[in-house]
Amino acid sequence: NKYSFPNHLQTAKWGVHDEYTFDTLFDHLALNDQQQQYTFTAFFTLSSHEPYDLPDGRQLRVLDKTELFLQSLRYTDSCLNVFIERAKQESW
């Protein structure tokens, strides 16, 4: 939940941008692995849902709502890619 994050990260309209939530997910999974506590984990992103709120500097010129949606998907996809690349370096 958004209250699990420091106030300075709560800059999105609905809470915290995806790049920070992916970082937190990674840290959570790494800690569980260190402690050998394996659990089922569910994760939801916000940026690819209305109002398609992206961090400063990530939003390009928007011509319509469809383009805004597509930009939000590209942003979330880039965050997922960073997460996967980091996870590939881990034993888990």
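**Aromatic contacts**

Author: Arg 86 sits over the face of Phe 26, 3.7 Å from the ring centre; a charge counts as over a ring if NZ of Lys or CZ of Arg is within 6 Å of the ring centre and within 35 degrees of the ring normal. This is a predicted model, in which local features need pLDDT of at least 70, side-chain atom pairs count only at pLDDT 80 or more, and totals for chains, interfaces and linings use all residues. Residues are numbered from 1 along each chain as its sequence is written, and side-chain values use heavy atoms, with hydrogens and water left out.

Reader: How many aromatic pairs does the structure hold?

Author: Rings of Phe, Tyr and Trp (its six-membered ring) pair if their centres lie within 6.5 Å; planes under 30 degrees apart count as stacked, over 60 as edge-to-face and the rest as tilted. The number of aromatic pairs in the structure is five.

Reader: What is the geometry of the pair formed by Phe 22 and Phe 43?

Author: The centres of Phe 22 and Phe 43 are 4.7 Å apart. With 55° between the planes, the pair is tilted.

Reader: Why does this pair tie together parts that are apart in sequence?

Author: Helices are DSSP runs (H or I, at least four residues), numbered from the N terminus. Phe 22 lies in helix H1 (residues 18-34) and Phe 43 in the loop between H1 and helix H2 (65-87), so the parts tied together are 21 residues apart in sequence.

Reader: Is Phe 22 buried or exposed?

Author: Buried means under 20% relative accessible area, exposed over 50%, and partly exposed in between (1.4 Å probe, protein chains only). Phe 22 has 6% relative accessibility, so Phe 22 counts as buried.

Methods: Helices (H or I, at least four residues) and strands (E, at least two) are DSSP runs, numbered from the N terminus.
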